[in-house]
Amino acid sequence: MEQKQVKLEEKEIASLVERIKQGDREAFMRLVESYQQKVFVVTYSLVRNREDALDLVQETFLRLYEKINSFRPGENFQGWLMQIARNLSIDFLRRQMVRKKESLDELDLDREVMAGAQSDPARFNPGQMLQKAVHLLPPRQKDVFILHHYEELKYEEIARRLKISVGTVKSLHFKAMQRLKEILAPQLGGNQ
Amino acid sequence: MKDCRQVKNELVAYLSQELSEGQRVEVEKHLQGCLACQRELEEWKKVFHLVSEVKEEAQTVASSIDWSAEASRIVNNTWKPIQKQPEKKRRWSFPGWRWQPLAAGLSLGLFLGAILTYLLITTGQVRFSSRQPDSSINLPQGFVEKVDLELARKQTIGYLETSQYLLSELLNSQKPENLSSLLTSEKLREVLTEKKYLNNRLEDLRLMKAKNICDQIEMLFLELLQLSPQMSEAELEKIRQLVEEKQLILKINLVKKELEQGEV
């Protein structure tokens with residue numbers, strides 16, 4: 001498949017944003033082409049369904065435009081865009097779990113993991129468990145986890161984005177991973 | 001030299017490659033001689049591996065997507081709502097948007113009012129012009145007068161005929177008690193009322209002769225009304241004489257004939 005993913009310079013982004021504000025469809029197309037795959041990796045990693053993830057990419061760009069007037073030159077465009085994608089995906093998962101009446105209770109999740117690991121390891125889906133476990137993380141831990149693992153940001157960049165210290169990022173990341181390890185350990189065959 | 005507790009706290013950052021060079025060397029040195037920490041590291045690696053598997057899965061799926069087509073789809077599907085955006089903003093920026101229903105009502109009222117006024121003015125002009133001699137109803141001059149005269153003539157003939165019947169009845173009755181139902185006071189009143197309506201018609205100069213005889217008949221009938229029903233024979237005879245004296249029947253016939261011929 002044709003992969004048209006070009007890294008845009010800050011100046012170029014500012015110019016494109018300005019053109020979009022004036023109703024330039026081509027500028028919007030260029031922005032979509034440049035960022036859609038990055039957005040997709042985040043939305044897919046969180047929802048783990050191709051069509052849902054693609055719909056979320058579209059929704060992300062729609063929201064981006066709706067808020068385009070609030071974007072100021074010099075701001076971190078990618079961070080802003082990814083935050084929209086992240087929030088939309090988290091909201092989507094929340095709605096989906098409520099719709100499916102899936103338990104959001106951590107205790108239930110633990111029990112589910114234990115039962116899955118003991119009864120039928122073949123049917124147990126660790127990816128699905130990870131998805132649920134990530135969703136159940138406290139908001140700040142979840143943000144750090146997604147930024148580091150799905151958006152591949154270094155601690156320093158995460159600290160800038162979330163306006164917290166690198167030490168706090170390190171601590172939040174550790175807590176998030178520890179929680180996931182606790183939940184997934186029975187399936188992964190290790191000690192908690 | 002770091003102890004196990006310190007190293008275990010650094011393992012996540014170590015696997016995330018977020019430790020400084022010095023810290024990384026220290027952790028690795030400790031791991032070489034500590035089996036417990038090595039086991040801990042292996043467990044962390046499994047979790048990291050699972051996370052990276054999900055990420056790799058996302059990248060694999062992403063590589064199977066035709067992103068050019070997808071970009072077009074995204075732009076096509078989102079551009080329409082995008083284009084509606086400025087309209088939405090304009091609508092919200094209008095300060096008196098709450099008054100829009102009222103404004104719409106007023107506009108409609110003004111519009112209808114203007115139409116009605118226009119129609120009324122137009123109709124008014126027609127009415128004004130109809131008052132002028134050359135109205136939109138182009139009747140020949142004198143036609144209306146002729147129609148009026150004709151109607152007066154017909155009504156007068158009718159009045160004279162009724163009177164003639166009544167007078168004949170009067171002349172033919174030998175005794176007051178023999179007067180037929182024709183000459184009742186009610187009948188006399190009817191004829192007198194008819195005369196009242198006829199008076200206006202008889203104002204026309206061309207009906208002056210008819211007016212004269214009609215007036216005489218009226219006076220006679222008024223007399224009769226005062227006498228009837230207890231009329232004495234002498235009174236009846238007196239009236240009869242009066243009728244004959246004035247040759248009322250003859251005059252009626254003559255005037256009637258004139259009227260019927262239109263020679264008024």
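Predicted model: local features only at pLDDT ≥ 70, side-chain atom pairs only at ≥ 80, totals over all residues.
What is the accessible surface of chain B, and what percentage of it belongs to carbon and sulfur atoms? The accessible surface of chain B comes to about 17500 Å², with 55% on carbon and sulfur atoms.

Residues are numbered from 1 along each chain as its sequence is written, chains are lettered from A in the order in which they are written, and side-chain values use heavy atoms, leaving out hydrogens and water.

**The two chains**

Chain B contains 10 helices and zero strands; chain A contains nine helices and zero strands. Helices (H or I, at least four residues) and strands (E, at least two) are DSSP runs, numbered from the N terminus. Buried means under 20% relative accessible area (1.4 Å probe, protein chains only), and contact means heavy atoms within 4.5 Å. The table sets out chain values on these terms.

For chain A the accessible surface is about 9500 Å², and carbon and sulfur atoms hold 47% of it.

**The interface**

The size of an interface is often given as the accessible area lost when the parts come together. Here buried area is the accessible area (1.4 Å probe) that two parts lose on being put together, summed over both. Chains B and A bury about 4500 Å² between them, 66% of it on carbon and sulfur atoms. K55(B), W67(B) and W79(B) supply 15% of the area that chain B buries against chain A, more than any other three residues. The contact involves 45 residues from chain B and 50 residues from chain A.

Six salt bridges (a side-chain nitrogen of Lys or Arg within 4 Å of a carboxyl oxygen of Asp or Glu) are counted between chain B and chain A. R48(A) forms a salt bridge with E57(B), where the closest N and O atoms are 3.0 Å apart. On the side of chain B that touches chain A, α1 (4-15), α3 (35-63) and α4 (67-93) each supply at least two residues.

Methods
Areas by Shrake-Rupley, 256 points an atom, 1.4 Å probe, with all protein chains shown as cover.
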